[in-house]
Amino acid sequence: MTHEFKHIINDAIKAKTKGVTCILASVVDLDGSSYRRPGVRMLILENGEIIGAVSGGCVEKEVVLQAQSVFTTGQSKMMTYDGRYRLGCEGILYILLEAITFEKEFEVAFFKCLNDRQTFEVVSKYQKSEGIFKGIGSTVNIGNSSFALSNNSSEKKRLFTFHQNMLPCFKLIIIGAEHDAVQLCKYAVLTGWEVTIVAGVSEDKTVEYFEGAQNLITTTPEEFDISSVDMQTAVVLMTHNFAYDLRYLVALHKANPNYIGLLGPTKRREDLLTQCIEYCPDISDEFLETIHGPAGLDIGSETPQEIAISIVSEILAVTRKRNSKSLRLKSGHIHQKQ
């Protein structure tokens with residue numbers, strides 16, 4: 001959810017520079033089931049603009065209506081939404097509404113935290129009933145510093161607390177700059193991931209060619225910087241060149257990625273791994289387990305777009321530690337309990 005929170009903070013800053021008041025709506029608790037889990041947020045601007053959503057579209061109108069009193073009074077409040085009678089989700093949402101008033105110090109610390117790929121925590125104080133209560137509101141803990149997002153009172157009352165640990169934004173590194181890389185980039189960006197394209201020194205491509213990509217790096221495998229490859233990073237090798245893929249695997253073997261995807265048949269993967277082990281006899285079993293080839297879930301993909309969907313789906317399944325199957329065959333809760 002970090003990318004959603006980042007998007008909300010970015011838009012709140014833009015509104016703040018224009019003198020536009022913003023209300024942050026956060027789902028902080030849930031009885032039963034719902035479309036999204038606690039920790040999802042949306043931003044309501046006094047000019048009527050809405051950023052994000054807290055459900056599939058059914059709850060948002062009520063949230064906007066309830067936010068109007070916060071625009072008027074500036075006081076944080078709680079609202080509930082009972083989906084048992086209006087939706088099929090059979091759950092009650094507890095939503096915290098607060099007027100955003102964070103300071104410049106928070107902005108600086110927040111974006112430094114994102115750039116440094118550090119974790120942070122969002123803590124919300126709330127009540128499980130409707131109304132205005134002293135002390136409710138959210139703070140963001142970054143390192144040893146705590147930043148209030150609104151003018152919530154520090155009065156010590158008996159309140160519920162929702163803690164949300166926020167990991168670095170998920171990142172996808174696509175090594176290769178052909179047409180299929182363009183499609184994978186597009187779907188990864190739609191998923192909310194930060195995308196970096198790695199192109200060869202002889203390739204005449206710019207970042208504009210890859211819709212939504214954050215940056216494009218022109219390099220060689222031997223000069224590829226792995227320092228930012230962490231457990232919130234997936235890598236897909238799609239150079240369509242066996243020698244280049246092998247050299248990049250060798251370059252990556254000291255890194256700690258979440259996932260490495262290889263294109264091509266099983267035989268190609270086995271040949272790559274065999275030669276990689278020969279070049280790197282110290283390679284770890286943990287690294288080898290991150291390698292998936294052929295990359296993607298078996299969903300019958302044919303086109304570059306469908307193949308991109310299958311790869312994105314496999315990365316999600318690996319990241320969330322799920323054995324993929326139809327939800328029709330799953331019993332119990334769709335989401336893991338927090």
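The legends below describe close-up views of a predicted model. Residues are numbered from 1 along each chain as its sequence is written, and side-chain values use heavy atoms, with hydrogens and water left out. Because the model is predicted, local features need pLDDT of at least 70 and side-chain atom pairs count only at pLDDT 80 or more, while totals for chains, interfaces and linings use all residues.

**View 1. The annotated span of residues 18-82.** An unreviewed UniProt entry lists these residues as "domain: XdhC- CoxI"; the position is given in the numbering used here, the feature name is shortened, and the annotation may be inferred rather than shown by experiment. The end C-alpha atoms of the span lie 35 Å apart, and its content is 22% helix and 38% strand, where helices (H or I, at least four residues) and strands (E, at least two) are DSSP runs numbered from the N terminus.

**View 2. Ser55 and the residues it touches.** Ser55 sits in the loop that joins strand E3 (50-52) to helix H2 (60-73). With 10% relative accessibility, Ser55 counts as buried, a term that means under 20% relative accessible area, whereas exposed means over 50% and partly exposed lies in between (1.4 Å probe, protein chains only). Leaving aside residues up to four places away in sequence, Ser55 touches Tyr35, Arg36 and Glu60, contact being heavy atoms within 4.5 Å.

**View 3. The crossing of helices H1 and H3.** The axes of H1 (residues 2-17) and H3 (residues 104-115) come within 12 Å and cross at roughly 145°; axes are lines fitted to C-alpha atoms, for helices over the stretch in contact, and angles run from 0 to 180 degrees between N-to-C directions. On the H1 side, the residues in contact include Phe5, Ile9 and Ile13, and on the H3 side they include Phe106, Phe110 and Leu114.

View 4. Most residues other than glycine have a negative phi.

**View 5. The cis peptide bond from Gly293 to Pro294.** Most peptide bonds are trans. The bond from Gly293 to Pro294 is cis, with omega near 0°, and Pro294 belongs to the loop between strand E15 (291-292) and helix H8 (304-319).
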